[in-house]
Amino acid sequence: MEFLDNIFLYGTSIIRSIITWIGFDPAITNMIMAAVYTVAILVICTLVALFYVLYERKLAGFIQYRPGPNKLGPFGLFQTVADAVKLLTKEDIVPRNADKALHFLAPLFVFIPPILALGAIPFGNKLVAVDLNIGMLYILAVTSLSTIPFFLAGWSSNNKYTMLGAMRAVSQKISYEIPVIFSVLAITMIAGSLNMSEVVGMQGKLWFVFVQPLSFLIFFIAGIAETNRAPFDLPEGESELTAGYLTEYSGMKWALFFLAEYCSMFVFSAMATTLFLGGWLGPVLPGWMWFVLKVHVLMTVIIWIRWTFPRIRVDKLLEFNWKILIPASILNIFATGIGVYLFNNFF
Amino acid sequence: MFSFWGKGLLKGLSVTGKVIFRKNLTEEYPLVKPNIPSQWRGGFAYEKDKCIACGICVLECPNDAILLVKEKDENNKNVPKEYKINLGYCLSCGLCVESCPVNCIHFTKEFESATYLKKESVLDLFNNQNLEAERSTYGKPVEKKEEKEEGIL
Amino acid sequence: MRTQTYKINLGPQHPSTHGVLHVVLEIDGETIVGSETNIGYLHRGIEKLAENKKYPQVIPYTDRLDYLAGMSNNLLYVQTVEKMLGTEVPERASYIRVIIAELMRIANHMVGIGIYIMDLGAVTGVFYPFIQREHILDLFSKLCGSRMTFNYMRIGGVAVDIDEDFIRGTEIFLDQLPKMLHEYHTLVDENEIFLSRTKNIGKISKSQAESFGLTGPNLRASGLGYDLRKVAPYEVYDRFDFNIPVAYNGDCFDRYIVRMQEVEESIKIIRQAMAQLPQGEIKAKLPRIIKPEAGDCYHQAENPKGILGCYLVSDGTPKPYRVHFRRPSFNNISIFDEVAIGHKIADFIAIMASFDFVLGEVDA
Amino acid sequence: MENNILKEYIERNFFAQAEILSETEENMTILADKKIYKEIAEYIKNLGYTFLADITSTDNKDCFMVICQFFRYTKNENITLKIKIEDRVNPEIDSLAGLWATADWHEREVYDLMGINFKGHPNLKRILMWEGYKGHPLRKDFPAVTRKRSWELG
């Protein structure tokens, strides 16, 4: 059990000892280890995206009386791989009037925030690439970068539909950042720490979702909006804007946007797990497995929601944010503050 | 009843959640051939020996999709010399099959009539009578087989 | 601050125009300030084609008008010819026609509702009704060998008699349909997002609806219970007990709910018709070549999408001199330009889908 | 059909310009001169026939006919109004677009396919055919391309 729990830690320490045994300088060893972490995160990103693309299609299929992809490999496991190969070999079309450089860069940039964020998320006890003291702040800062590639994509395509999509993306992401931050703030007030691992450690007795249910709800809703998922997938709302900011993208560039969506969903679920659902904590199973399970449940719910609800309208979306979510989260902070004060002084 | 904002959303989730565990209804078409009903209007079969080259089918066809060239045989009777149906123009309305006085043209249960080239969509039924294909009962008074119906829900 | 409106082309190729409708929207931000609907991308000239066909040969072309409700179009056309000829249709054929037409109505509404929910972004919503529609199409293909372009109605009757299989299949279908409808109501009706997308969106007042000649569920959602099955019963509709669902707000939600209720009324009609179904002939005796006397005739019937009318002029030859179809979708979508103003783009999609139009019918 | 009011109105005001062609239980067909078209249509509307179901036209070789169908929403009663246009070169008639909004598209369709001009129409453009199309397809002198020759062409 102990061994399974720490299997990845043992792996990294073995790599580290091999490098030291070869005789590298400690500084270079650290650099090589950083590279190893980066590769690991990239691998996680890719695997997560590939898996959840398939999983979503399967689940959508089951919701719609269909088997989902089931031809390639057992249960259609290789469907996403086949899709990726197909997309890689597709012709890359760039509109004549597009801003070519930005059009090329946007799909690359879109992957950066989730990768950066994954570095600070603890997948298990001590299983974290960089255990930052200000982990939460770091993740919030990094994920808010994700607005830029969407706007770049929409702007550079030089198309009215992409422009509308980009505008929607910007207004939506910036406004939904606020409730996310506020609900994280409530956790910080209780935990008294910005370190993700410490926050998890404090949830040994009681998960924060039971202490802060409203905060969790706000975080969850705003997170779906942040990651552009239905019912908040307005920037690409295909029945209105053809494909929104993605209209002029094809082939692998489009696929990168697509995969990045799943990565950011994963990051968001991982954050929710860490902050509210007790992270890696859980009996019997190894910690990282608990973590993956909890993330998986959240992902399932997000996918389930997507295939059930109609899309919300853009003004209603912002109205919902500014008139309901933000006041609610401010009230929540207020109540939390009182609660924390009372708890610290009277108990 | 207890009512709150978001109740409808939860109800919706409960419906889709239930469906996840129901059996799927997809017909896996290229692997599993569909069950073609007996009256199917698909391809054509033509019995040139029966045909009296009366030309009623040509007259009945709304879209002029049928070509019939007739000639006289030794008994001075009309016989067909050429018989083609252009599936590119065919509406599959079945008026030709219904109107044939000697029942020499039939629908078949073929349902894959896509072709790569436009000219391939012209059926030369005189030279390829397509008699081996399974015939449909459309326009013919034939006893029908029993087919079972299943509810889906 | 100086702002500027701009125009975007919604269609002819756009995911939610369901065909080749082209709407030029003038947009201020995301609010529509001007709209111009262009049609004709699917014009096949059915009216001109029909002038060179014999009377029975026009029937397969009518299938292609509203290709989601081919049977109803067939029915209307043969009724018009029968009206010109003065033919009495055998009772059994009349009952069969009613059963078929109502099944077609259900199938059409299933598509209309499903597509509507899909356009609002809930893709799953399209699958559940489509399964029901598939069931009806299966029944039809067993009956007449075709799934979409039926050519089933004949002048003076119907082509094929319905058999035990069909009746049993229909009964099984009717038994399971209410369950599905209930489930669908649960999925959609109270969904807050759906309500916010449809309530008070695309409101059409009664006088507007009258002026624009709206018909079918779109008219009845605006508070005018005009249904030819009640007002001018054709075939044997006067023998059945059914209601005409009417809603009074004229918004997108009402257009949805009227369709859902109509399906329930159709179930009632089919059940009664099947219970009363008499034995007998299915086709009136008519000469082989149909030659109505010179003259003209206008007839209309309640199709799933609205009132389909047919104006027929005969000059005494076997070919019609002039055939004109009054297509309900053509009239219904003419109101888009007026309704769109002031709404958001997303609302326009909702309005468009709630009208349940078919481009085959708009463009004829 | 209770249409004595209409009959009286026609006899009183348009003695020679309108005649009642036929009258049955449900239908009344009026042939009117094109000068009084709009006037009589407005009168019909005020009589309660508020549903303009259809405006169409036929090409009777020597003249054009414009045919309107008016219905009541409450009863199964129908008035068919026929207008004869004898001028084949430059056929012109009043537009009903001011009375019924639905007339707009119907008249555009008639204009497009039959080539009849509607005076006072707000937006008389082709609707089904494309802009710049020559000819009016539903006229009898417009050649109907049949597929008879398709076999000869191969």
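Is F24(A) buried, partly exposed or exposed? F24(A) is partly exposed, with a relative accessible area of 38%. The structure discussed here is a predicted model.

**A nonpolar patch on chain A**

- The residues Y10(A), I14(A), I18(A), W21(A), I22(A), F24(A) and I28(A) form a nonpolar patch on the surface. Together they have about 760 Å² of accessible area.
- The element that gives the most to this nonpolar patch is helix α2 of chain A (residues 7-22), with 5 residues.
- F24(A), a member of the patch, is found in the loop between α2 and α3 (26-63) of chain A.

**The overall form of chain C**

- Chain C contains 15 helices and 8 strands.
- Its C-alpha atoms fill a box of roughly 75 × 45 × 35 Å along the principal axes.
- The radius of gyration of chain C is 21 Å, which agrees with the value near 21 Å that a compact globule of 364 residues would have.
- Of the 364 residues in chain C, 71% are buried.
- Among the contacts in chain C with a separation of 6 or more, 72% come from residues 24 or more positions apart.

**The surroundings of N108(C)**

- N108(C) belongs to helix α4 of chain C, which covers residues 91-119. N108(C) has a relative accessible area of 0%, so it counts as buried.
- The side chain of N108(C) makes a polar contact of 3.5 Å with the side chain of H109(C). A polar contact of 3.3 Å joins the side chain of N108(C) to that of D356(C).
- Leaving aside residues up to four places away in sequence, N108(C) touches D66(C), L68(C), A69(C), P304(C), K305(C) and D356(C). Two of these neighbours, D66(C) and K305(C), form a salt bridge with each other.

- Side chains of opposite charge can pair when their charged atoms come close.
- Over all chains, the count comes to 46 salt bridges.
- In the salt bridge between D66(C) and K305(C), the closest N and O atoms are 3.2 Å apart. D66(C) lies in the loop between α2 (59-62) and α3 (70-85) of chain C, and K305(C) in the loop between β6 (295-303) and β7 (306-314) of chain C, so the pair ties together parts that are 239 residues apart in sequence.
- Are D66(C) and K305(C) buried or exposed? D66(C) is buried, at 0% relative accessibility, and K305(C) is buried as well, with a relative accessible area of 1%.
- R239(C) and E91(C) also meet through their side chains in a salt bridge, at 2.7 Å from N to O. Because R239(C) lies in the loop between α10 (228-231) and α11 (252-276) of chain C and E91(C) in helix α4 of chain C, this pair ties together parts that are 148 residues apart in sequence.
- R239(C) is partly exposed, with a relative accessible area of 39%. E91(C) counts as partly exposed too, at 39% relative accessibility.
- A further salt bridge joins E262(C) and R220(C), with the closest N and O atoms 2.6 Å apart. E262(C) lies in helix α11 of chain C and R220(C) in helix α9 (residues 217-220) of chain C, so the pair ties together parts that are 42 residues apart in sequence.
- Both E262(C) and R220(C) are buried. Through salt bridges that share partners, E102(C), R105(C), R220(C), D227(C), R229(C), E262(C) and E302(C) are joined into one network.

**Positive phi angles in chain B**

- D64(B) is a residue other than glycine, and its phi has a positive value near 50 degrees. D64(B) lies in the loop between α2 (56-60) and β2 (66-72) of chain B. With a relative accessible area of 10%, D64(B) is buried.
- S92(B) is not a glycine, although it has a positive phi of about 55 degrees. S92(B) is found in the loop between β3 (78-86) and α3 (95-99) of chain B. At 23% relative accessibility, S92(B) counts as partly exposed.

Note on methods. Residues numbered from 1 in each chain as written. Chains lettered and ligands numbered in written order. Predicted model: local features only at pLDDT ≥ 70, side-chain atom pairs only at ≥ 80, totals over all residues. Heavy atoms only, no water. Patch = residues over 30% accessible without salt bridge, like charges linked within 9 Å, V, L, I, M, F, W, Y side chains within 5 Å. Areas by Shrake-Rupley, 256 points an atom, 1.4 Å probe, with all protein chains shown as cover. Salt bridge = Lys/Arg side-chain N within 4 Å of Asp/Glu carboxyl O. Helix = DSSP H or I, 4+ residues; strand = E, 2+ residues; numbered from the N terminus. Buried < 20%, exposed > 50% of the residue type's maximum accessible area, 1.4 Å probe, protein only. Rg over C-alpha atoms; globule rule 2.2 N^0.38 Å. Contact = heavy atoms within 4.5 Å. Polar contact = N/O pair within 3.5 Å; in protein donor to acceptor, adjacent residues only side chain to side chain.
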